[in-house]
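Biologist: I have a structure to go through and would like a plain tour of it. Can you put it up and take my questions in turn?

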Amino acid sequence: MRGPDEDLALLAEAARKVGPIALSFWKAEPQAWEKPDDAGPVTEADLAVNDALHSTLMGARPGYGWLSEESEADASRLDARRCFIIDPIDGTRAFIAGQAGFAHSLAVAEGDRIIAAVVHLPAMDLTFTAHADGPALLNGQPIRPSGAGIGGARVLTYKSATDPEHWKGGRVPPFRREFRPSLAWRLCLVAEGRFDAALSVRHVWEWDIAAGSLIAERAGAIATDRHGQPMRFNSPRAMIDGMVVAGPRLHRDMRVAMT
């Protein structure tokens, strides 16, 4: 069985290959349409990147499972010892709008844990990487989360996460809510300390956070579901019950304050 570092090298190679594919569609008015069941938009770029990633990754690791936002569900992944968990373009709305905050999110799970991860933002030339036995890096340099507490913390989340119902006694902590379009990128921004936490009180898809969760953890942050439980990946539903990702102090403060 290959080491996590070998899988990381493969993910990084694949991300570098597909960045130019995405950029060839970016700001070029790609065809876009809405998925069924209000699942959000998709573009021809998402599908082109997905096809290229599938060819590269499964060609190199034919025995691995495959879970991607843009592929038909394949239950055989549940029996694979290792599984790719992929979001070809995370932040599709930003991509359609010509904004730079979209990412390729690539991860390998062994069992239910992530062991290798890459989040690549081609329009910004940013590459976040980590594997289970090494540090989290941004463009090859080590990163670490902030040591902030909850007062005045900069938290990447959406407006409804600050509804009083989600906080004990209806008391919303005095943090500053901010937003970035890609969930994978949000976790990486916490990992490098540019923001203090990333929060979701709603279910999140595994492909959105698989890579970013490992990068945050290897940087020194705590990444759990909204109940404070470890995230488990390659599950039948491919969903996590919310997320709290922050440095140890802030993660503790947020969990104490949440219902």
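Modeller: One definition to start: buried means under 20% relative accessible area, exposed means over 50%, and partly exposed is in between, with a 1.4 Å probe and protein chains only. This is a predicted model, in which local features need pLDDT of at least 70 and side-chain atom pairs count only at pLDDT 80 or more, while totals for chains, interfaces and linings use all residues. Residues are numbered from 1 along each chain as its sequence is written, and side-chain values use heavy atoms, with hydrogens and water left out.

Biologist: Is Asn139 buried, exposed or partly exposed?

Modeller: Asn139 is partly exposed, because its relative accessibility is 43%. Asn139 sits in the loop between strand 8 (137-138) and strand 9 (141-142). Helices (H or I, at least four residues) and strands (E, at least two) are DSSP runs, numbered from the N terminus.

Biologist: What is the phi of Asn139?

Modeller: Asn139 has a positive phi of about 50 degrees, although it is not a glycine. Asn234 is another residue other than glycine with a positive phi, near 55 degrees. Asn234 belongs to the loop between strand 14 (222-224) and strand 15 (239-240). Asn234 counts as buried because its relative accessibility is 10%.

Biologist: How many residues of helix 4 are buried?

Modeller: 9 of its 9 residues are buried. Among them are Trp185, Arg186 and Cys188. At the start of helix 4, a side-chain oxygen of Ser182 comes within 3.4 Å of the backbone nitrogen of Ala184. Just after helix 4, Gly193 has a positive phi of about 80 degrees.

Biologist: And helix 2, how far does it reach?

Modeller: Helix 2 (residues 44-60) has 17 residues and reaches 24 Å from first C-alpha to last, close to the expected 24 Å. The expected span is 1.5 Å times one less than the number of residues. Its buried residues include Val49, Leu53 and Leu57. Their cover includes helix 1 (4-25), strand 2 (41-43) and strand 5 (103-110). At the start of helix 2, a side-chain oxygen of Thr43 is within 3.1 Å of the backbone nitrogen of Ala45.

Biologist: What does Ile86 touch?

Modeller: Leaving aside neighbours within four places in sequence, Ile86 is in contact with residues including Leu53, Leu57, Trp66, Ser105 and Trp207. Contact means heavy atoms within 4.5 Å. Ile86 is in strand 4 and counts as buried because its relative accessibility is 0%.

Biologist: Where is His120?

Modeller: His120 is in strand 6 (residues 113-121). His120 counts as buried because its relative accessibility is 8%. A polar contact of 2.8 Å joins the side chains of His120 and Thr127. Such a contact is a pair of N or O atoms within 3.5 Å; within protein, one must be able to donate a hydrogen and the other to accept it, and residues adjacent in sequence count only if both atoms are side-chain atoms.

Biologist: Last one: is Ala103 buried or exposed?

Modeller: Ala103 is buried, because its relative accessibility is 0%. Ala103 lies in strand 5, and it touches His120, Leu121 and Ser182, among others.
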